[in-house]
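Here are a few friendly notes to read with the model open in your viewer. They start with the overall fold and then move on to some side chains worth a look.

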Amino acid sequence: MGNIFSVQITKKAANEIYKIIDYIEYELKNPTAGAKQFLDFQTRIEQLKIDAELYQVFMILDEIKIRRINVNKYLLLYMIEGKVATVLRAFHGNQDIKKQVRSTQ
């Protein structure tokens, strides 16, 4: 059996997730899809507890390995430090993720 991790979500990532859900529910006027996307985010974040090391390193930023996990059309970026997986950001898959991450340092 693999390592067991605790999972944290930064305030920024939580805000981005809620903005995505709001966009789907209110801008696209599809509350069913918004609810499904929220559940999909929750499921993938829960999976990090046992599968955090499974996902590929997406980029290295200030010597920190940033990993990504796909959630439908969206991506979650996270890092592992010891036995803690921390979700850092949430993006639509069409965004220039590396540029966005570097511009927010």
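This is a predicted model: local features need pLDDT of at least 70, side-chain atom pairs count only at pLDDT 80 or more; totals for chains, interfaces and linings use all residues.

1. **Overall layout.** With that definition, the protein has three helices and five strands. Their order along the sequence is β-α-α-β-β-β-β-α.

2. **Burial and surface.** Of the 105 residues in the protein, 35% are buried. The exposed surface comes to about 6800 Å², and carbon and sulfur atoms account for 51% of that area.

3. **Contacts along the chain.** Take the contacts between residues at least 6 apart in sequence: 48% of these join residues at least 24 apart.

4. **Aromatic pairs.** How many aromatic pairs does a search of the whole structure find? The search returns two. A pair of aromatic rings is described by the distance of the centres and the angle of the planes.

5. **Y18 and F38.** The ring centres of Y18 and F38 are 6.0 Å apart and the planes meet at 25 degrees; planes under 30 degrees apart count as stacked, so this pair is stacked. The pair links distant parts of the chain, with Y18 in helix α1 (residues 11-27) and F38 in helix α2 (residues 31-51), 20 residues apart. Y18 has a relative accessibility of 47%, so it counts as partly exposed. F38 is also partly exposed, at 25%.

6. **F41 and Y74.** These two rings form a tilted pair, 6.0 Å from centre to centre with 55 degrees between the planes. Here, too, distant parts of the chain are linked: F41 belongs to helix α2 and Y74 to strand β4 (residues 74-81), 33 residues apart. Are F41 and Y74 buried or exposed? Both are buried.

7. **E16.** This residue sits in helix α1. Is E16 buried or exposed? Its relative accessibility is 14%, and buried means under 20%, so E16 counts as buried.

8. **What E16 meets.** Setting aside neighbours within four places in sequence, E16 is in contact with R89 and A90. The E16 side chain makes a polar contact with the side chain of R89, at 2.7 Å.

Methods: Residues are numbered from 1 along each chain as its sequence is written. Side-chain values use heavy atoms; hydrogens and water are left out. Rings of Phe, Tyr and Trp (its six-membered ring) pair if their centres lie within 6.5 Å; planes under 30 degrees apart count as stacked, over 60 as edge-to-face and the rest as tilted. Helices (H or I, at least four residues) and strands (E, at least two) are DSSP runs, numbered from the N terminus. Buried means under 20% relative accessible area, exposed over 50%, partly exposed in between (1.4 Å probe, protein chains only). Contact means heavy atoms within 4.5 Å. Accessible areas come from the Shrake-Rupley method with a 1.4 Å probe; for residues, only the protein chains shown count as cover. A polar contact is a pair of N or O atoms within 3.5 Å; within protein, one must be able to donate a hydrogen and the other to accept it, and residues adjacent in sequence count only if both atoms are side-chain atoms.
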